[in-house]
Amino acid sequence: MHSIDTMADHAASDGILRRNLLRDAVFQRLLTRILRLDYRRGQRLRLDAIAADMGVSRTPVREALVPLETLRLVSVQRYVGVVIAPWGVENMVERLRIVQNMLDVPASERASIPSADVWDPAELERCASQVGLFAALAEWVLRRFGHPVSADWVASQRPVLDLFYSMDVASVHGIDISVGAAERGALLIDAQAAVLALDLRRAAVALDAFADDVVRVGDRFRPVVSSRIP
């Protein structure tokens, strides 16, 4: 991950672009700290302290908090400030289950004129984990099914799922995501092949099986009870 200073240095001279790059960098850093339990649940964060720590103004910090609140990882409370939400592994499982339900689209409910979007394999290069790949493929399948609202929701969840199920972050929560990785990788390969062949039903089946396996891995390990959690 690029540092915030690097992001700023490489930003274009256009002020809006620079601000967006800073917002995204702040979002990624805050997301990482939250998922790694650097912040305890219920902890109050001060915008001034975050901005000073990251060497930015309050504006990109405020903007980065918007998607974090949408993801239910923080709560912005009037007169109180920013508070880390009481989220847990079960919230990540819930996200996976929702994606599964979205992919279970009956033929009668598929759009008669589905999206003509062309799959771009470069999307996978931006993922840090197998679950990130899963989300990217699921998003595209939903768009081809003609369900853009569901696809947009999956796209919004992709950053948190991708990072949470990365090797180092998952281990913080007591999940050995390496268990069964080869088998899940085969399912993703099958899903991508199906996507390229426009066999959306086959892709959805492979992705459904993938999500089931991720959930089973989490269930096999008791989450770590961290001293940072009240």
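Reader: Which helix is Phe27 found in?

Author: Phe27 sits in helix 2, residues 15-35. Bear in mind that this is a predicted model.

Reader: Why is Phe27 called buried?

Author: Phe27 has a relative accessibility of 13%. Buried means under 20%, so at 13% Phe27 counts as buried.

Reader: What is Phe27 in contact with, leaving aside its neighbours within four places in sequence?

Author: Ala64, Pro67, Leu68, Leu71 and Pro159. Take Pro67: Phe27 and Pro67 are 40 residues apart along the chain, and their C-alpha atoms are separated by 8.0 Å. Contact, though, is judged on heavy atoms within 4.5 Å, and Pro67 is on the contact list of Phe27.

Reader: Which residues touch the most other members of the largest nonpolar core?

Author: Leu35 and Leu73, out of 70 residues in that core. Leaving aside neighbours within four places in sequence, Leu73 is in contact with Leu31, Ile34, Leu35, Leu68, Ile84, Ala85, Trp87, Met92 and Val160.

Reader: What makes strand 2 and strand 3 a pair?

Author: Pairing takes at least two bridges. Four bridges join strand 2 (residues 74-77) to strand 3 (residues 81-84), so they pair, and they run antiparallel. One example is Ser75, whose bridge partner in strand 3 is Val83. The two strands form a hairpin with three residues between them, and Tyr79 in the turn has a positive phi of about 70°.

Reader: How many bridges join strand 1 to strand 3?

Author: Two, again with the strands running antiparallel. The cut-off is at least two bridges, so strand 1 and strand 3 count as paired. Leu45, for instance, has Val82 as its bridge partner in strand 3.

Reader: How do helix 5 and helix 8 pack?

Author: Helix 5 (residues 89-103) and helix 8 (residues 148-164) pack at an angle of about 145°, with their axes 11 Å apart. The crossing is left-handed. Among the residues making the contact are Met92, Arg95 and Leu96 of helix 5, and Trp153, Gln157 and Val160 of helix 8.

Reader: How do the residues of that contact divide into nonpolar, polar and charged?

Author: There are 11 nonpolar, two polar and one charged. Arg counts as charged, so Arg95 of helix 5 is a charged residue in this contact.

Note on methods: Residues numbered from 1 in each chain as written. Predicted model: local features only at pLDDT ≥ 70, side-chain atom pairs only at ≥ 80, totals over all residues. Heavy atoms only, no water. Core = buried A, V, L, I, M, F, W, Y, C linked by side-chain atoms within 4.5 Å. Buried < 20%, exposed > 50% of the residue type's maximum accessible area, 1.4 Å probe, protein only. Axes fitted to C-alpha atoms, helices over the stretch in contact; angles between N-to-C directions. Left-handed = near helix turned anticlockwise from the far one by under 90°.
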